[in-house]
Amino acid sequence: MKLNAGVVTDKFVETKVFYTTILGFGVTFENEFYLLLHTPDKSAEISFLLPDHPSQQSLFHKPFSGAGMYLTIEVEDVDAWYERMKQKGIEIKIELRDEPWGDRHFAIQDPNGIGIDMVEYAPQEK
């Protein structure tokens, strides 16, 4: 089974620019109303759909309201990613921090209001 999360948004252009230039995602497929992006290592995808598009059923017409959703992106060097985001002028919503359980992370927000938790997980005990 494969999961592809999708977001209905009218911020189509801003979203593509954010994910491709800021996070380094690639474009898997794109047309005038649908955008499918993949992570740099191609291990995961996320899609974006314009609202109210006549080709789509009404279930997929209403745009995301900007709250109640987040993404977690696991990275190998969270400190480097943190510095990269600051250098690009991206607002840091949660400053870089260590959690009591060992994870190190910070958070940013995409143009749709989706929180993005950039995390380096603590090594798992075996």
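**Asp52 is exposed, with 51% of relative accessible area.** By the cut-offs used here, a residue is exposed over 50% relative accessible area, buried under 20% and partly exposed in between (1.4 Å probe, protein chains only). The model is predicted, so local features are given only at pLDDT of at least 70 and side-chain atom pairs only at pLDDT 80 or more, while totals for chains, interfaces and linings use all residues. Numbering starts from 1 along each chain as its sequence is written, and side-chain values use heavy atoms, without hydrogens and water. Asp52 belongs to the loop between S4 and S5; strands (E, at least two residues) and helices (H or I, at least four) are DSSP runs, numbered from the N terminus. The phi of Asp52 is positive, near 55°, and this residue is not a glycine. Most residues other than glycine have a negative phi.

**Overview of the fold: two helices and eight strands.** The order of elements from the N terminus is β-α-β-β-β-β-α-β-β-β. The C-alpha trace spans about 50 × 35 × 25 Å along its principal axes. Of the 126 residues, 38% are buried. Among contacts (heavy atoms within 4.5 Å) with a separation of 6 or more, 47% join residues 24 or more positions apart. The protein exposes about 8,100 Å², of which carbon and sulfur atoms supply 53%; the areas come from the Shrake-Rupley method with a 1.4 Å probe, and for residues only the protein chains shown count as cover.

**Charged side chains: 12 positive and 21 negative.** Lys and Arg are counted as positive and Asp and Glu as negative, leaving out His and the chain ends. Each charge is placed at NZ of Lys, CZ of Arg, CG of Asp or CD of Glu. The centres of the two sets are 2 Å apart.

**Helix H1 (residues 12-22) and its buried residues.** Phe12, Thr15, Phe18, Tyr19 and Ile22 are the buried residues of H1. They line one face of the helix, because they fall within an arc of 155° when seen down the axis; the arc is taken from the directions from the helix axis to the C-beta atoms. An α-helix has 3.6 residues a turn, so residues three or four places apart point the same way. The cover over the buried residues of H1 includes strands S3 (34-38), S4 (45-49), S5 (70-74), S7 (104-109) and S8 (115-120), and also helix H2 (78-87). Gly24, with a positive phi near 80°, follows H1.

**Thr15 within helix H1.** Thr15 has a relative accessible area of 0% and is therefore buried. Beyond residues up to four places away in sequence, Thr15 touches Thr9, Phe48, Pro111 and Asn112. Arg97 is 82 residues from Thr15 along the chain, and their C-alpha atoms are separated by 26 Å.

**Lys42 and Ala44, two residues of the loop between S3 and S4.** Lys42 is exposed, at 63% relative accessibility, whereas Ala44 is partly exposed, at 34%. Lys42 has a positive phi of about 65° without being a glycine. Apart from neighbours within four places in sequence, Ala44 contacts Leu37, His38 and Thr39. Between Ala44 and Ile73, which are 29 residues apart in sequence, the C-alpha to C-alpha distance is 10.0 Å.

**Helix H2 and its buried residues.** Val78, Trp81, Tyr82 and Met85 are buried in H2. Viewed down the axis of H2 they fall within an arc of 105°, so they line one face of the helix. H1, strand S6 (94-98), S7 and S8 are included in what covers them. Gln87, also in helix H2, is exposed at 67% relative accessibility. The C-alpha atoms of Gln87 and Thr28 lie 27 Å apart, with 59 residues of separation along the chain. H2 is followed by Gly89, with a positive phi near 80°.

The pLDDT is the predictor's confidence in each residue, on a scale from 0 to 100. Confidence is lowest in strand S1 (residues 5-8), with a mean of 95, and highest in S7, at 98.
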